[in-house]
Amino acid sequence: MAVPTDGDLTDEQAKIAASLTPELIEKIDECILSHATVSERKVAMIVGLTMMDTSIRVAGLPDLFYRDRVKTLVTRGLLLAEGNLNRMGYSEVRLP
């Protein structure tokens with residue numbers, strides 16, 4: 001049996017994400033990285049902490065967007081991952 005993932009952005013959520021400026025996305029990435037440590041931390045925790053930052057909060061932007069930013073940071077080598085990043089509660093990241 002396949003393990004369910006957290007899902008994908010809806011069309012409406014994808015439109016909101018596409019409207020973000022590169023500068024705001026950079027601030028979001030910086031916030032995500034600020035919550036990472038050299039020890040593993042659940043992706044769900046990092047996403048939650050990032051979403052609580054009112055300086056970068058965008059109405060209608062779901063946790064899945066932030067999860068995708070974590071995945072991008074892993075791809076860029078800025079974070080190291082363990083587990084399935086499509087399941088925030090079952091994956092962890094840390095600083096390299």
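Contact here means heavy atoms within 4.5 Å. Helices (H or I, at least four residues) and strands (E, at least two) are DSSP runs, numbered from the N terminus.

## About the model

This is a predicted model, in which local features need pLDDT of at least 70 and side-chain atom pairs count only at pLDDT 80 or more, while totals for chains, interfaces and linings use all residues. Residues are numbered from 1 along each chain as its sequence is written, and side-chain values use heavy atoms, leaving out hydrogens and water.

## Helix 2 against helix 4

Let's start with helix 2 and helix 4 (residues 63-75), which pack at an angle of about 75 degrees with their axes 10 Å apart; axes are lines fitted to C-alpha atoms over the stretch in contact, and angles run from 0 to 180 degrees between N-to-C directions. Helix 2 is therefore roughly perpendicular to helix 4 (65 to 115 degrees).

From helix 2, Ile25, Ile28, Asp29, Ile32 and Leu33 meet Phe65, Tyr66, Arg69, Val70 and Leu73 of helix 4.

## Helix 2 against helix 3

Helix 2 (residues 22-35) also packs with helix 3 (residues 43-51), at about 130 degrees and with axes 9 Å apart. Here Ile28, Cys31, Ile32 and His35 of helix 2 meet Ile46, Leu49 and Thr50 of helix 3.

Now to the strands: three of them form an open antiparallel sheet in the order 1-3-2, where pairing requires at least two DSSP bridges between two strands. Strand 1 (41-42) and strand 2 (80-83) are the edge strands, each pairing on one side only.

Strand 1 pairs with strand 3 (residues 91-94) over two bridges, in the antiparallel sense. Lys42 has Glu92 in strand 3 as its bridge partner.

Notes: Angles under 35 degrees count as roughly parallel, over 145 as roughly antiparallel, 65 to 115 as roughly perpendicular and the rest as oblique.
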